[in-house]
Amino acid sequence: MRAIPAWWERLPRDTRDSLFLLGVITAVMAPHASHLPLWATALTGLVLLWRGQIAWRQQPLPSRWWLLGIALIYAALTWLTFRTLVGREAGITLLTVLMALKTMELRARRDAFVVFFLGFFLVLTQFLFSQSLLTAAGALLSLWGLLAAVVLAQMPTGVPSIAIAARRAAGTTALGLPVMVLLFVLFPRIAPLWGVPTESIGKTGLSNQMEFGAMSEIANDDSIAMRLKFDGAVPPPDQRYFRGPVLTRFDGKTWRAPDARSSQSWLRSRDELRTSGPALAYEVTVEPLRIPVLPLLEMSPGGPGTELQLQDQPDLTVTRGPELQWVSNRPITERLRLTATAHLGWRAGLSLNRLQQAKALELPPGGNPRSVAWARELAAQPRFASLAPGPRAEAIAAALLDHVRSNDFIYTLSPGRYGEESPHVIDEFWLDRRLGFCEHFASAFVVLMRATGVPARIVTGFQGWDAEPQDGYLIVRNANAHAWAEYWVDGKGWLRSDPTAAVAPNRVIQGLALQPQPGVLGQFNPTLWRAMRGGWEAINNRWQQVVLNYSRQNQFDLLKRMGFERPDWTGLGQALAGVILVFALASMAWIRWNSRPHDAWSRQRARIAAQLARAGVTLPPHEGPAAWARALRRQHGQKAEPAAQWLEKLERSRYAADAPVPAWGEFHLAARMLRG
């Protein structure tokens, strides 16, 4: 069976090479399709198809006036889309479409080389959007294709096989890989030169606000949010809460975080923290987030204003917020790895003044009247009337949880839309439909607690992780996104209460998040799907930990193993210079060795030429022994006869059948006679 179709082999070389180059360019541009405007992708595809038709039919290329007009249209559309012609998105859009137009000018080899180098640069720009393992593998294949096209361009005569060009390109790439690896290991990580976004921010994720349906949207995203590795003991399932945004403002439908820029920001409580018990140390790798909040395991030590120490992130600061969430100075748009500690025993916000309590009791005027009335009727029952404020708050919280357990509430990812028939969403959920996800239960709990006079708020983040570790790491997914409640008790501070645990204990106790509907393979064979997903995520995690998270500290640790007592930038430069020197010497040695003859016949000819050169005789290197013999007789007469006869014997031994090989010692003596 033929690997290459016969029609492909019959194509003229110019047509074949042009189609191959267009295919490589398409592969280089394809990863950018999701980043480019739709018009740019469509017009670029049309230009490449047009160029392919020209190559197939061997038609003349369009005039440059046509190309100039199309380029102006591209520039105008780029300006209208981005309002600029510079920057990442606009620049890559222009680069892509202009590269496609450049294929219309392939009239000489220099035009092809312009396309090649544009292609190399376009491959590099893929890493501005993603540095995943798939992106790296695709970039390597694109690089191989471009190098194969370069090799073809360097073979102007005949019809060289593309397979041969591809093999030579692969060999060239393999020779460069050791240099690439060593430069990666030793090249100084200098921000911002080295810092580029590792991933674009996800479409779903935690937010500084929450409305009905928000968490269920995140829970349908099964991608990884965090990876954890504990140094010792692992917290029990009901203590696996990762604190994210704290939401205190409610307008009847949407919960929002406090506004730090508000004129009333001084009313925000600064929850002083007291931790107890042993510290659990762990390493966490956080995927890019949409918000400037870092979710860490409750409860990390440090009161409001404490700054978290981060390595290799000079432009990122993470500070403890008033509600004990970790707030960064900007959204965390790159993968972040750090070590942290957490205490399972903690108390926060032991004292709130009256104004701060009032802020934590606010409800929208006239909102959810039936639920508010229900809560106040509950709080007026005799069993609560005789209790002090602290025990009363805890008893009301317990009563609300008992109500959830004893009634027909249902925990589901698909509760339907709330608020379409009535703006009172809590009434609709708590008293009518009783279908909801974690945000429904947490929202209702906080509203009802506030209606009874107990300060309360919502905390969002993650809860639990996968049952099985991957590559030694515990996996927290976006599907583990969660919302729970905190209510305030005088003398005890803020207490966590998770109403979801009352309706779906497995969600909290076992960390089992509701799973979205699987794909075709997941429905056909769930076990195979989980195994494939776990294997890929383990490989991808290894790539992230070894390659993407390779940092300046890793370089200094390597220098220590190499014998540097105090590794610093100077030592790193010395190591890099030493490696470059070794490679330069090795390259020189290889070039020298490669320039010498390696087969037996060539080595013998070189030895003969060296002996004759000592005698002052220089003969043309392209001639054979018989021609050398005739030249010796012409130049030296009878004196050169022994050497000439030996050379003729060597010629016969090379080409005549059964001719003996003359002894080297005879020629050595004959050459000495020439010198005498």
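Here is a walk through this structure, from the whole chain down to single residues. Keep in mind that the model is predicted.

Let us start with the overall picture. The protein chain holds 25 helices and 18 strands. Of its 676 residues, 46% count as buried. Its accessible surface comes to about 34,700 Å², and carbon and sulfur atoms account for 60% of that. If you take the contacts between residues at least 6 apart in sequence, 71% of them join residues at least 24 apart.

Now to the interior. In soluble globular proteins, nonpolar side chains tend to be buried together. The largest nonpolar core here has 47 residues, and the members that touch the most others are W255, L400, F429, W430, F445, M449 and Y487. Two or more residues of this core come from each of α11 (369–379), α13 (389–406), α14 (425–433), α15 (438–451), β15 (456–463), β17 and α16. The top contributor is α15, with 10 residues. A second, separate core has 32 residues, among them V24, V97, L101 and F116.

Leaving out residues up to four places away in sequence, W430 touches S371, W374, L400, H403, V404, F409, A444 and L448.

Next, look at helix α15, where A442 is found. Is A442 buried or exposed? With a relative accessible area of 0%, A442 is under the 20% cut-off, so it counts as buried. Beyond residues up to four places away in sequence, A442 touches I458, A483, W484 and P499. A442 also lies 5.6 Å from A485, C-alpha to C-alpha, although the two are 43 residues apart in sequence.

Strand β17 (residues 481–489) runs antiparallel to strand β18 (residues 493–497), and 5 bridges join them.

What does the side chain of D498 join in a polar contact of 2.7 Å? The partner is the side chain of H482. Setting aside neighbours within four places in sequence, D498 is in contact with Y241, H482, A483, W484 and V508.

Elsewhere there is an open sheet of 4 strands, ordered β7-β11-β10-β9 with antiparallel pairing. Its edge strands, β7 (293–294) and β9 (307–308), each pair on one side only. The antiparallel pairing of β7 with β11 (residues 326–328) covers 2 bridges, and L294 stands opposite W326 in β11.

Our last stop is helix α24 (residues 641–655). Its 15 residues should span 21 Å at 1.5 Å a residue, and because its end C-alpha atoms are 21 Å apart, the two values agree. Within α24, the residues E641, A643, A644, W646, L647, L650 and S653 are buried. The cover over the buried residues of α24 includes α22 (600–614), α23 (625–636) and α25 (664–675).

Conventions:
Residues numbered from 1 in each chain as written. Predicted model: local features only at pLDDT ≥ 70, side-chain atom pairs only at ≥ 80, totals over all residues. Heavy atoms only, no water. Pairing = 2+ DSSP bridges. Buried < 20%, exposed > 50% of the residue type's maximum accessible area, 1.4 Å probe, protein only. Contact = heavy atoms within 4.5 Å. Areas by Shrake-Rupley, 256 points an atom, 1.4 Å probe, with all protein chains shown as cover. Expected span 1.5 Å × (residues − 1). Polar contact = N/O pair within 3.5 Å; in protein donor to acceptor, adjacent residues only side chain to side chain. Core = buried A, V, L, I, M, F, W, Y, C linked by side-chain atoms within 4.5 Å.
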